[in-house]
Amino acid sequence: MFGRRSGLPTEARDVPRMTPAPVAPPPPERTEAGPAPFPSSGLAAPMVPPPATVGGRVPTLADAPSPVRAPAAVDSRRSDSYYETKSAIFGALIEAIDLAQLARLDVESAREEIRDIVNEIIAIKNIVMSIAEQEELLDDICNDVLGYGPLEPLLARDDIADVMVNGSGTVYIEVAGKIQKTGIRFRDNQQLLNICQRIVSQVGRRVDESSPICDARLPDGSRVNVIVPPLAIDGPALTIRKFKKDKLTLEQLVRYGTISPEGAEILKIIGRCRVNAIVSGGTGSGKTTLLNCLTRYIDDDERVITCEDAAELQLQQPHVVRLETRPPNLEGEGQVTMRDLVRNCLRMRPERIIVGEVRGPEAFDLLQAMNTGHDGSMGTLHANNPREALSRLESMITMGGFSLPSRTIREMVCASVDVVIQAARLRDGSRKITHITEVMGLEGDVIITQDLFLFDLLGEDANGRLIGRHRSTGIGRPRFWERARYFGEDVRLAAALDAAERSGVA
């Protein structure tokens, strides 16, 4: 096996000619900040290294709480000398290991082998560093070889919703709906580009100068967007929309205040009764999360087909077929669009069709599917309120080149869409379901809607958190009442509407 002292190349022994620069800052700064991955406000404490490396850390330093600081964070310990030392060790490591044997090992075994070799190289170089500093360097190198480099500690945290990399020196994250700057940085833009290529290659895609924009996903379903030079001027820009390891449920959304218990009961009935639903909202408002919650109430005996640009839906049913679009190849051929997927899945005997995001002419095919026996189909789109969502459906059909009169398109929308569920992210970072709206029909050339539930904003508290309430509009018999009775859900629907009206809050 690789990793023995006798197997180290000559280069590893010659490296000490470079003056070893201490990686750590002066002792007072290290004592104050501790060995946290980056000293930003409230971010250091939750970041714990992978379980395989916890045992090597000094407990008193690892457990020391970091002082609360301003969000602006510059990782003072990640100096140029740190990256010079790390590069020298990394180069010697690449010369010392057998990549073929490394590929045969599982992740934990490979990590231990790499750690053994790096420890030997550090001893040969005679670099002076503390145990905590050495553990941090070991973690960094293992993450570079086996994972996604500096992104690994961020991806391990379940409280982070988004990771935004703006070039090699700037990384932002979103926690609790608020964007914060971190002290994480990459060695250079080339390292960042290599990690981007590693991510997209896992799903058979590429990103380079000839194809500078790419949508991909991580193994856990997290959505990834990469844009590189020459389109990104300041270096590669990487955006990751992370998914929680534990799937959110409507019950959890109730606890978070996203929707009231009565409103959640209505959403469950909408999912069970095969009501055609559109989830509308802005960027980061929780549309995909809400769609995942709704799909939990699909019966296990239904055949469900999903169509997405980058597969991120996480359905729990046993009979699910997942389809994903494909970009064109180098010759500009082989592209498979969302409309191609939606049209093809009509031939796959689906009972429900779920479109991850409706953003183009596939809206026409989805509406046709909703109106031709595929009841309970769902999709998401970007819009600020339910009426704008219906207008956007009409606009997307028109932009697709369909020469249909506006009234015909609106009649199709009214006949296909039963409910629009509006999600929003408020300015304090909280996410709310602001509307549950029914599509009633067409009067003249105007689509008529009625709101079942609304969210009223009442003000804000002393901490800047917005205060509001969900309320019923008093509708006692929604349009999908007969459908609920057909599926045996009318008693529960009536109970939920009555409870909402009695409480005055829904």
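Two strands are taken to pair if DSSP finds at least two bridges between them. Helices (H or I, at least four residues) and strands (E, at least two) are themselves DSSP runs, numbered from the N terminus. The model is predicted, so local features need pLDDT of at least 70 and side-chain atom pairs count only at pLDDT 80 or more, while totals for chains, interfaces and linings use all residues. Residues are numbered from 1 along each chain as its sequence is written, and side-chain values use heavy atoms, with hydrogens and water left out.

On this basis, six strands form an open sheet in the order β3-β2-β1-β6-β5-β4, with antiparallel pairing. Its edges are β3 (178–181) and β4, each of which pairs on one side only. From one strand to the next, the twist averages 15°. Within this sheet, strand β1 (residues 160–166) and β2 run antiparallel and are joined by five bridges. Met164, for instance, has Tyr172 in β2 as its bridge partner.

Side chains of opposite charge can pair when their charged atoms come close. A salt bridge here is a side-chain nitrogen of Lys or Arg within 4 Å of a carboxyl oxygen of Asp or Glu, and this rule gives a count of 27 salt bridges. One of them joins Glu174 to Arg431, with 2.8 Å between the closest N and O atoms. Because Glu174 belongs to strand β2 (residues 171–175) and Arg431 to strand β13 (residues 431–443), the pair ties together parts that are 257 residues apart in sequence. To describe the surroundings of such residues, buried means under 20% relative accessible area, exposed over 50%, and partly exposed in between (1.4 Å probe, protein chains only). Glu174 is buried, with a relative accessible area of 4%, whereas Arg431 counts as partly exposed at 28% relative accessibility.

Another salt bridge is that between Glu324 and Arg217, at 2.5 Å from N to O. Glu324 lies in strand β9 (residues 320–324) and Arg217 in strand β4 (residues 213–217), so that this pair links distant parts of the chain, 107 residues apart. Both partners are partly exposed: Glu324 has a relative accessibility of 26%, and Arg217 has a relative accessible area of 24%.

A further salt bridge connects Glu489 with Arg492, the closest N and O atoms being 3.7 Å apart. Through shared partners, salt bridges join Glu265, Arg272, Glu489 and Arg492 into one network. Glu489 counts as buried at 10% relative accessibility, while Arg492 is partly exposed at 35%. Glu265 is placed in helix α11 (residues 261–272) and counts as buried at 18% relative accessibility. Contact means heavy atoms within 4.5 Å; not counting residues up to four places away in sequence, Glu265 touches Arg272, Arg492 and Ala496.

The description now turns to helix packing. Helix α16 (residues 406–416) has Ile409, Met412, Val413, Cys414 and Ser416 as its buried residues. Their cover includes α14 (362–370), α15 (386–399), β13 and β14 (446–460).

Two packed helices are described by the angle between their axes and the distance between the axes. Axes are lines fitted to C-alpha atoms, for helices over the stretch in contact, and angles run from 0 to 180 degrees between N-to-C directions. The axes of α14 and α15 come within 7 Å and cross at roughly 115°. At this contact, Ala363, Phe364 and Leu367 in α14 meet Leu393, Met396 and Ile397 in α15.

Rings of Phe, Tyr and Trp (its six-membered ring) pair if their centres lie within 6.5 Å; planes under 30 degrees apart count as stacked, over 60 as edge-to-face and the rest as tilted. Two aromatic pairs are found in a search of the whole structure. Phe364 and Phe402 form a stacked pair, at 4.2 Å centre to centre and with 25° between the planes. Since Phe364 lies in helix α14 and Phe402 in the loop between α15 and α16, the pair ties together parts that are 38 residues apart in sequence. Phe364 and Phe402 are both buried. The pair of Tyr486 and Phe487 is edge-to-face, because the ring centres are 5.1 Å apart and the planes stand at 90°. Tyr486 is exposed, with a relative accessible area of 70%, and Phe487 counts as partly exposed at 33% relative accessibility.
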